[in-house]
Amino acid sequence: MNIRKAKKSDSKYIAPILLLAMEDIVYKFLAKKDYASAKDFLEYFIERENNQYSYQNCFVAEENSEIIGAVNIYNGSDIEALRNPIVEYVRAHYNPEFNPEFETRAGEFYIDSLGVNPNHQGKGIGSKLLVFLINEYVHQNKQTLGLLVEEDNPLAKNLYLKLGFKIVGEKTLVGKKLEHLQIGNS
């Protein structure tokens, strides 16, 4: 398995994988529970530059020329600039009242979403992506990584804790209560 920076041409493969990790949130963005619309929405932004879901902010796990996992990560200090194109698009096309909270801030590189193709789940691919990010951002570049985990997702939370993340607080995003975890170079 190879982990590499995503390319624009990966967008149509990344969208359904990241959607697995953020389905409910995208449905709330769009104010409707429609898989095709949600996938199209994500793909639209992944293949464009300068937004939080852009391929520029993704890494992919690839095996036998197939993308089997993807992770979306960006500098928390850029959240407002990266989020604006999405907010404007959602307000114009789906939900004029859309005003999501900022789930990150300066001081961390934020793992927005991480997904693994369902045919490849349970093989440690998510763990390998996380270890790659920890090595890249924390060990090599002395940064702090942060992420949010749903309270009702103990498997993910246990994995993060096992890898060295610590609970640093709680956040709410589009009505969902989430725990904020970080790992730094301490």
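Visitor: Which residues of helix H5 (residues 154-162) are buried?

Guide: Welcome! This is a predicted model, and in its helix H5 the buried residues are Ala156, Lys157 and Tyr160.

Visitor: What makes these buried residues line one face of the helix?

Guide: Looking down the axis of H5, the buried residues fall within an arc of 100 degrees, so they line one face. The face turned away from that buried side carries the exposed residues Leu155 and Lys162.

Visitor: What covers the buried residues of H5?

Guide: The cover includes H4, S5, S6 and S7. Just after H5, Gly164 takes a positive phi of about 110 degrees.

Visitor: Why is Phe109 called buried?

Guide: Buried means under 20% relative accessible area. Phe109 has 17%, so Phe109 is buried. Tyr137 has a relative accessible area of 13%, and therefore Tyr137 is buried by that cut-off too.

Visitor: How do you know that Phe109 and Tyr137 form an aromatic pair, and what makes the pair tilted?

Guide: Ring centres must lie within 6.5 Å, and here the distance is 5.0 Å, so the two rings pair. Stacked needs planes under 30 degrees apart and edge-to-face needs over 60. The angle here is 45 degrees, therefore the pair counts as tilted. By this rule the count comes to 13 aromatic pairs.

Visitor: Which parts of the chain does the pair of Phe109 and Tyr137 link?

Guide: Distant ones: Phe109 sits in strand S4 (residues 109-116) and Tyr137 in helix H4 (residues 125-140), 28 residues apart.

Visitor: Why is the pair of Tyr160 and Phe165 called edge-to-face?

Guide: The planes of Tyr160 and Phe165 are 65 degrees apart and the cut-off is over 60, so the pair is edge-to-face. Their centres are 5.8 Å apart, within the 6.5 Å limit. Both Tyr160 and Phe165 are buried.

Visitor: How do you know that Arg48 lies over the face of Tyr44?

Guide: The charge must be within 6 Å of the ring centre and within 35 degrees of the ring normal. Arg48 is at 3.6 Å from the ring centre of Tyr44 and lies over its face. Lys5 lies over the face of Phe59 in turn, at 4.8 Å from the ring centre. Tyr44 also belongs to an aromatic cluster, whose members include Phe29, Phe41 and Phe45.

Visitor: What makes strand S7 (residues 176-183) largely enclosed?

Guide: Of its 8 residues, 7 are buried, so the rest of the structure largely encloses S7.

Visitor: How do you know that S7 pairs with strand S5 (residues 145-150)?

Guide: Pairing needs at least two bridges, and S5 and S7 share 6 in the antiparallel sense, so they pair. The hairpin of S6 and S7 has 2 residues between the strands, and in it Val174 takes a positive phi near 35 degrees.

Visitor: Which residues touch the most other members of the largest nonpolar core?

Guide: Phe29, Phe41 and Leu42 do, in a core of 36 residues. Helix H1 (11-30) is among the elements giving two or more residues to this core, and H1 gives the most, with 11.

Visitor: What is Phe29 in contact with, leaving aside its neighbours within four places in sequence?

Guide: Its contacts include Phe41, Tyr53, Ile86 and Val174. A second, separate core has 24 residues, including Phe59 and Tyr137.

Methods:
Residues are numbered from 1 along each chain as its sequence is written. This is a predicted model: local features need pLDDT of at least 70, side-chain atom pairs count only at pLDDT 80 or more; totals for chains, interfaces and linings use all residues. Side-chain values use heavy atoms; hydrogens and water are left out. Rings of Phe, Tyr and Trp (its six-membered ring) pair if their centres lie within 6.5 Å; planes under 30 degrees apart count as stacked, over 60 as edge-to-face and the rest as tilted. Helices (H or I, at least four residues) and strands (E, at least two) are DSSP runs, numbered from the N terminus. Buried means under 20% relative accessible area, exposed over 50%, partly exposed in between (1.4 Å probe, protein chains only). The arc is that of the directions from the helix axis to the C-beta atoms. Contact means heavy atoms within 4.5 Å. A nonpolar core is a set of buried Ala, Val, Leu, Ile, Met, Phe, Trp, Tyr and Cys residues joined through side-chain atoms within 4.5 Å.
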